[in-house]
Amino acid sequence: MFKINENYLELQDNYLFSTIAKKVDEYKRKNPEKEIIKMGIGDVTRPIVPCIIDAMHKAVDEMKNESTFRGYGPEQGYDFLREKIAQFDYKKRNIDISPDEIFVSDGSKCDVANILDILGNENKVAITDPVYPVYLDTNVMIGAAGKYSKETGMYENTVYVPIKAENNFVPELPKEKVDIIYLCLPNNPTGTVLNKVELKKWVDYAKENKLLILFDSAYERYITEKDIPHSIYEIEDAKEVAIEFRSFSKTAGFTGIRCAYTVVPKELKALTKENKEVGLNKLWNRRMSTKFNGVSYITQRAAESVYSEEGQKQIEENIAYYMENAKIIREGLNKAGYVTYGGVNAPYIWLKVPEGLTSWEFFDKLLEEKQIVGTPGAGFGPSGEGYFRLTAFGTRENTINAMKRMSN
Ligand code: PLP
């Protein structure tokens, strides 16, 4: 009989979004006349900007001529895109990242999962809690997370680093030995950030303790305040300790088009069991060449156009639109008496659930009384209990209407 990867059996069914959908459907069935405003799911709603559409059309047309047709491209991404990324996302911020340290892919979700291919399952992994569930589940899948405890709601071999109001959403350095930590900044789901001083503590700690930081900056473009790092490589020596994941999904509305990239600096080294030094850049390059055949030419031309003057202007208009929504939500909730976090450097608002209610009870109340759908914090991990996530990715009209309902 063939075998399966039994680690998959250790995964907890993620009922979060399916339970939300079920509850919403049931409510709709009983109250067909009520209009529901959805502020739960983290997907963009603004259409792709004209400059990107033009670049895609142009790339499509190139496919019809023998002289400009493209077949397989480089697995790591076309030079034209890798060079633009190095120039605009790094050099402009005085960070020296070379194009061959940049690997273009079809999404950060896959990249954060696939990186475990080269890291293996013998690392002690830390996640912040609450967390983007992909980090945890992919460690469960390779058998690195340990057994699930129903009692604690945690995996026994995983270190949970709480981020909550009590510590100002600043994760404390772990007291026990950890090999890898995932940091998502600006954070999903809390919408909070770390400043340079706070992030530097993690980089220094990582260097001292030979820890690898997996830094997910999917929401980097939403940062509005000064002194908040857009890239971990703004911190000195970070190239020796961190891999960075970036995505065009939330930056340019590519959640459906699919394009992202991962930076694996050449300075980043690991030690084998025999104490031999191995460069991670080389390993990731090998992994990508073997298991991936590159992102489509059309998509990469679309991503390239994001860096044009027109592209930058146009995507910034969309980001500003979402961030205005975030402001409306924050101010609306504060006026209605809620304590909120995030929403200043991220499209997520993390609100404190009123005393005496769980995050699911608050979900039900909001749906019943205001016909607003959000995401219960408990769905993102034990420390998410008592909180609730609203997203700023809706339309302006719905956002304003939702806040009117909250103020009544
Ligand atoms: N990382 C974080 C923190 C996210 O919230 C998301 C999407 O919601 C992703 C990665 C996924 O990005 P992509 O669309 O590039 O797969």
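## Largest pocket

The largest pocket holds about 850 Å³ of space. On a 1 Å grid over the protein atoms alone, a pocket is an open set of points with protein on both sides within 12 Å along at least five of seven lines; a cavity is a set where a 1.4 Å probe fits but cannot get out; lining residues have an atom within 4 Å of a point. Grid points are joined across faces, edges and corners, and a volume is the space filled by probe spheres set on the points.

This pocket has 26 lining residues, and N123, K210, K269, A270 and L271 are the closest to its centre. Two or more lining residues come from each of α5 (116–119), α7, β11 (269–271), β12 (277–279) and α9 (280–291). Helices (H or I, at least four residues) and strands (E, at least two) are DSSP runs, numbered from the N terminus. By class, the lining has 13 nonpolar, three polar and ten charged residues. Ala, Val, Leu, Ile, Met, Phe, Trp, Tyr, Cys and Pro count as nonpolar; Asp, Glu, Lys and Arg count as charged; the others, Gly among them, count as polar.

## Model basis

This is a predicted model: local features need pLDDT of at least 70, side-chain atom pairs count only at pLDDT 80 or more, and totals for chains, interfaces and linings use all residues. Residues are numbered from 1 along each chain as its sequence is written, and side-chain values use heavy atoms, with hydrogens and water left out.

## Second largest pocket

About 690 Å³ of space lies in the second largest pocket. It is lined by 28 residues, with K109, Y132, V134, N188 and K250 the closest to its centre. The elements giving two or more lining residues are α4 (108–114), α6 (133–141) and α8. The largest share, six residues, comes from α6. The lining divides into 13 nonpolar, eight polar and seven charged residues.

Domain 1 (12–47 + 311–407) and domain 2 (79–305) both give residues to this lining, so the second largest pocket lies between them. The domain bounds come from an automatic or database domain assignment.

## Cavities

The structure holds three cavities of 30 Å³ or more.

Helix α11 gives the largest share, four residues. The lining has nine nonpolar, three polar and two charged residues. Domains 1 and 2 both contribute to it, so the second largest cavity lies between them.

Helix α7 (residues 196–209) has 14 residues and should span 20 Å at 1.5 Å a residue; its end C-alpha atoms are 20 Å apart, which agrees. The expected span is 1.5 Å times one less than the number of residues. Within α7, L199, W202, V203, Y205 and A206 are buried. They cover an arc of only 160° around the axis, which puts them on the same side of α7. The arc is that of the directions from the helix axis to the C-beta atoms. On the other side of α7, V197, K201 and E208 are exposed. Buried means under 20% relative accessible area, exposed over 50%, and partly exposed in between (1.4 Å probe, protein chains only).

Q314 sits in helix α11. Q314 counts as buried, because its relative accessibility is 13%. The C-alpha atoms of Q314 and A86 are separated by 21 Å, and the two residues are 228 residues apart along the chain.
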